[in-house]
Amino acid sequence: MWHILKYIARHRRPGASASPTRSPTLSPSRHRAHLIHPDILAILGRALAIRHVDGGSCNGCELEIHALNNPYYNIEGLGIKFVASPRHADMLLVTGPVSRHMELALKRTYDAIPAPKLVVAIGDCGCTGGIFGESYASCGRVSNVIPVDVTVPGCPPPPADILAGILTALRVRPSLAPDEGTASDFTPGFN
Amino acid sequence: MQFSGLDCRFERLAAPLPMHRARVDATQWSALAFAVATTKGRLVSLWGSDRRAMGDGFAVATAYATAEGLLWVELGLDVMRPAYPDISRFFVPALRMQRAAHDLVGIDAEDSVDSRQWLRHGAWPADYFPLRIENTGQERFAPQPDNYPFVFVEGDGVHEIAVGPVHAGTIEPGHFRFSVVGEKVLRLEERFGYTHKGIERRFMGMDIDEGARLAGRVSGDSTVAYAWAYAMAAESAAGVAVPERAAWLRALLLERERVANHLGDLGALGNDAAFGFALAQFSRLREDWLRANFEAFGHRLLMDCIRPGGVARDLDAAAAAQLRRDAVALVAEVAELKDIYDEHAGLQDRFVTTGRVAPELAARFGLTGLAGRASGQVADLRVDFPWPPYDKLAVTASTQFNGDVAARVAVRFDECFESLRLIDALLAALPDGPLDVPIAIRDAASGAGWIEGWRGEIFVALETDARGRIARCHCHDPSWQNWPVIEHAIIDNIVADFPLINKSFNLGYSAQDL
């Protein structure tokens, strides 16, 4: 336990001492991600539940969605949670071209999310079908299967882009986002 | 070359690893499978092709790993009755590959014990075979009924838990059918194919460079390994060798990919045993590592950095020095976290004896790669057939014999340290020279690539048509071999330990659904 506490004490902030040989300006994306944070907090009032569905991706996008949970992007600290059930979700993140074998599962997941619901398609494949396109096995882009609010291109998009996409989705559907002044009173809709 | 006194002639492929190819008849096909099995060789892959465009029939091919290297064996099949002798009686992992070959090409393993569909669910009818030349791959069908006959377990108090295809976390889709009594798992049956998006059909007709982009997207977590295996296959088809500097940079990329994946998995394994500290720390280290990838190579996951003929980007001296300092710093960090893992009684209690695959079971099922090395299956291409630059680096393979989650964690730590040592050695002696050689394939040719990715051996077989475009490209992932073993690793464990056991293997879905 002592060992763990010592380790935590030495790594108070991500990047602070991780690589002592690097200058602190390692990555511009860190700054970008941090600029988005206050906006998300203001709009969400610390509550956004996301259900992710892999519609048939190569798993590259999944790795970058995972990265959102690391201490740099710290999305749980912003009140964004990935949830196991679509019934608990406000937003659906979909990756990959939608394979025909996942078409039904994706539609069912979408239907199970209570309205109002947001859909963000992640990655070039989700946006356009990408390199896999449409075929006997692939439905292509996500919007060929369910309605999509926002697309985030990239192969895969870096975590800061995914975060920005989530924020954009909240902005394009004002019905879901309350006035900034009353953000803390925001309660997610149930039906 | 001859193998085990069999009268089939193997031609050596122009490739940095020893790979040989032969055409056989049905008798030799079975005799060879038997000979490889009895000399402790392994089945690497099995796939089907339609060769009618070249005036041939159908064909089935296997790749075996033997002490002499890789054997690529091909059996021509009758057009009217495309069937071949089953080899799953010698190699258990062949079962699912044979079922997949049926779904894609319509060729059958005679007398196979399992001929259920594998890749085909309800998206296309049973008499449609996407890789046959009369089909374009662009056909669309109304969804077909999909009543997959799972094996049903009966008994007092036995019930089923069906999980997936959409899982609770951010992972790829697949279906797991548990038969349990109370908390104890009696049987697990897996069903995959959900992410099948027609990759092998997509390859057909592409030029060599387009194919490289697609190969790099078979599995995002192994993009470097696939890109290298594909590039090696293309270079072997074209008969060119890559410059020394390109080979060294490729190895640097491959080891960086291995470290990135091990960092991610080590954190996730701690997290699955409710040790959130581990996830926070390892995911922080992984993020630093990926950002350094972006700075040095322009892509966090290193996609498209390797291309046929060489590498797409160079590394200047300052960047190389920085990557070297990073590797040294990371050794200290991971060593400290390893001490914390080793001393943490709660964590070890979850890891030790959980999801055990004994070496005998591993050998019988052909468990391969990282998981194989945790169960005493000593094989690592970087050690067994060190190709440039590994021939200068004296790689040490990690081996454990307990075969439990703890052993797979130990192998990951070992390999992380070994890869960091390799990265340091590669950067210390990076040779100067050109980054690539021109590569052009203008006629029918074939080649193969074989790379030790972080998960295990990745194999690519490539054939071009008379115009030099891709006639067939088969990509093989070690997940084919290792998924069936998880069905055994979980037996007698509790359902709640499945995520931990599954993560300790961390196998691919997209990588094998193709």
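Pro165(B) sits in the loop between β8 and β9 (175-181) of chain B. Helices and strands here are DSSP runs (H or I, at least four residues, for helices; E, at least two, for strands), numbered from the N terminus. The peptide bond from Gly164(B) to Pro165(B) is cis, with omega near 15°.

Before I go on, the ground rules. This is a predicted model, where local features need pLDDT of at least 70 and side-chain atom pairs count only at pLDDT 80 or more, while totals for chains, interfaces and linings use all residues. Residues are numbered from 1 along each chain as its sequence is written, chains are lettered from A in the order in which they are written, and side-chain values use heavy atoms, with hydrogens and water left out.

Back to the backbone. Chain A has a cis bond too, from Cys155(A) to Pro156(A), with omega near -20°. Pro156(A) lies in the loop between β5 (150-152) and α6 (159-172) of chain A. Then look at Asn74(A). Its phi is near 45°, positive in a residue other than glycine. Asn74(A) is in the loop between α3 (60-67) and β2 (80-82) of chain A. For context, most residues other than glycine have a negative phi, and most peptide bonds are trans.

Now the interface. How many residues does each chain bring to the contact? Chain B brings 71 and chain A brings 59, with contact meaning heavy atoms within 4.5 Å. The area buried between the two is about 5200 Å², and carbon and sulfur atoms give 58% of that. Buried area is the accessible area (1.4 Å probe) that two parts lose on being put together, summed over both. Thr170(B), Lys197(B) and Arg291(B) supply 15% of what chain B buries against chain A, more than any other three residues.

Between chain B and chain A, 3 salt bridges turn up. The rule: a side-chain nitrogen of Lys or Arg within 4 Å of a carboxyl oxygen of Asp or Glu. Arg140(B) makes one with Glu134(A), closest N and O atoms 3.5 Å apart. Which helices of chain B supply at least two residues each to the side touching chain A? They are α3 (199-203), α4 (208-215), α7 (276-297) and α8 (317-343). α7(B) gives the most, with 13 residues.

Over all chains, the salt bridge count is 50. One of them joins Glu134(B) and Arg52(B), at 2.5 Å, N to O. That pair links distant parts of the chain, 82 residues apart. Glu134(B) is in the loop between β7 (108-110) and β8 (158-163), and Arg52(B) in the loop between β3 (42-50) and β4 (58-66).

Last topic, rings. Two arginines lie over tryptophan faces. The test is NZ of Lys or CZ of Arg within 6 Å of the ring centre and within 35 degrees of the ring normal. Arg21(B) lies over Trp72(B), at 4.1 Å from the ring centre. Arg256(B) lies over Trp289(B), at 3.8 Å from the ring centre.
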